[in-house]
Amino acid sequence: MAAGETRVRGIHHREGMSNTAQLVDFPLRRPGQPYPPKQYADFRSREGLVWSHMPTGAKVWLVTKYDDVRAVLTDPRISSSPRHEGFPSVGRTGGVPNPDQVPGWFVALDPPDHDRFRKALIPEFTVRRIREMRPSIQEVVDHRVDGLLAAGSEADLVHDFTAAVPSLVISALLGVPHVDRDFFEARIRLLVTMSSTHDQRDQATREILRYLSRLILVKQKRPGDDLISVMLASGAMSLQEISGASMLLLIAGQETTANNMALGMVTLLLNPQWIGDERAVEELLRYYSVADMVALRVATDDVEIGGQLIRKGEGIVPLVAAANHDSSTFERADEFDPGRSARHHVAFGYGVHQCLGQHLVRAELDIAYRTIFERIPKLELAVPVEELAFKYDGVVFGLDSLPVRW
Amino acid sequence: MRVVANPRGCIGAGQCVITAPAVFDQDEDGIVVVVDERPAEAQLEDVRAVLDLCPSQSISLAGD
């Protein structure tokens with residue numbers, strides 16, 4: 001048992017704020033490779049959970065063991081809503097937008113409020129629907145590879161490929177004109193960077209919502225076969241809620257997929273024996289778990305997780321990268337090994353908020369890797385891996401650029 | 001063994017469909033449908049994996 005705790009009836013209790021002996025600072029600086037932060041192993045080895053100190057001054061529980069992370073993500077006494085006092089924020093000034101500011105940001109809603117959004121959108125993300133989308137994803141990927149090959153023998157794969165593909169796919173799906181890519185990507189970047197100020201986030205949020213509101217008015221008059229039109233036709237959401245839900249889908253569809261794709265390219269270039277093996281996709285999702293600290297929670301009642309008492313109103317950060325590197329669940333968890341069965345990873349979360357777009361992500365990654373390595377077999381890193389620009393300051397882990405040549 | 005799904009708990013994550021496609025499907029609303037209630041022994045390993053993979057814990061096995 002760690003110092004600073006007493007054990008009563010088998011449950012850990014904190015002794016109060018005066019004892020900071022085991023208080024850790026969070027977020028940790030991320031390593032590039034190998035990933036994730038090596039302190040996660042130390043955290044997992046401790047009894048109970050890890051009491052930590054956030055840049056905002058708030059203190060939260062870090063959850064790092066696989067079973068504990070799944071328990072947090074399925075406990076009905078633990079909420080996803082920033083409306084509850086004590087809800088954590090990972091950034092220095094903010095994190096999850098408040099549902100009052102962005103109605104329709106349904107990952108920050110609990111059941112039953114959440115369910116109306118999810119139910120309206122599930123039909124568009126089923127295994128079958130995504131399978132039907134594969135030819136159009138293939139077309140997007142082929143077009144980008146044509147562009148790479150036409151431009152010469154070197155590229156920044158992030159700018160020219162891994163950021164572009166998910167952006168093209170999600171904007172086509174939503175019905176957002178891709179000519180406006182620069183506009184919304186610049187604003188999304190502010191929202192997913194931890195060091196952005198409160199004012200920057202606030203302004204970016206307002207601008208994206210204003211843009212989407214105008215687009216929704218156009219779709220009202222001329223519906224298409226896109227997600228915004230589907231949400232309008234469902235009658236399940238107000239116009240403001242559709243703007244918020246669209247903003248969420250735009251960011252979620254872009255950031256996580258793009259970053260996972262870029263990191264996966266590096267790993268496959270370093271481990272070429274796995275190129276072309278379809279099991280690599282699932283293992284890359286587990287290995288990088290780029291949305292490590294995206295699922296923020298707060299206890300709405302006293303609750304015990306992994307032998308630790310969490311008091312009502314205390315913030316909780318389940319770290320999915322830590323859970324996915326828990327060696328009691330995944331043997332030799334820090335090794336990249338597509339030969340293992342990684343299907344039970346929690347990179348997409350667990351519980352009612354598990355990623356709505358997970359089959360789309362899998363399809364995009366599979367098609368992107370398959371196509372790029374087939375069509376550019378001589379692809380290689382143009383700089384040593386240690387010099388790559390990892391996103392140390394990103395809410396989602398990833399790469400800012402990826403210089404390659406062939 | 002009989003496969004039982006709880007469509008009211010289902011959140012349409014589709015884990016069942018990609019893990020045991022001979023046993024599970026999604027309807028037009030994306031909600032779980034059991035297409036083979038009494039799968040052959042060979043399928044049961046996949047079905048047992050689904051019990052754990054389903055994020056809303058909406059699948060169970062009945063002994064009848």
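Predicted model: local features only at pLDDT ≥ 70, side-chain atom pairs only at ≥ 80, totals over all residues.
**Interface between chain B and chain A**

At this interface, 21 residues of chain B are in contact with 18 residues of chain A. The two chains bury an area of about 1,600 Å² between them, and carbon and sulfur atoms give 48% of that area. On the chain B side, the residues that lose the most area to chain A are B:Ile11, B:Ile18 and B:Pro55, which together make up 32% of what that side buries.

| Item between chain B and chain A | Value |
|---|---|
| Salt bridges | two |
| Residue pairs in polar contact (both at pLDDT 80 or more) | 14 |
| Salt bridge of B:Asp52 with A:Arg70, N to O | 2.3 Å |

Three elements of chain B each give two or more residues to the side that touches chain A: helix H1 (15–19), strand S2 (24–26) and helix H2 (41–53). Of these, H1(B) gives the most, with four residues. By class, this side of chain B has nine nonpolar, seven polar and five charged residues.

**Helix pair in chain A**

Within chain A, helix H9 (residues 227–234) packs with helix H10 (residues 239–270) at an angle of about 145°, and their axes are 10 Å apart. The crossing of H9(A) past H10(A) is right-handed. From H9(A), the residues A:Leu227, A:Ile228, A:Met231 and A:Leu232 meet A:Leu239, A:Ile242, A:Ala245, A:Ser246 and A:Leu249 of H10(A). This contact of H9(A) with H10(A) has eight nonpolar residues, one polar residue and no charged residues.

Note on methods
Residues numbered from 1 in each chain as written. Chains lettered and ligands numbered in written order. Heavy atoms only, no water. Contact = heavy atoms within 4.5 Å. Buried area = accessible area lost by both parts, 1.4 Å probe. Salt bridge = Lys/Arg side-chain N within 4 Å of Asp/Glu carboxyl O. Polar contact = N/O pair within 3.5 Å; in protein donor to acceptor, adjacent residues only side chain to side chain. Nonpolar A, V, L, I, M, F, W, Y, C, P; charged D, E, K, R; others polar. Axes fitted to C-alpha atoms, helices over the stretch in contact; angles between N-to-C directions. Left-handed = near helix turned anticlockwise from the far one by under 90°.
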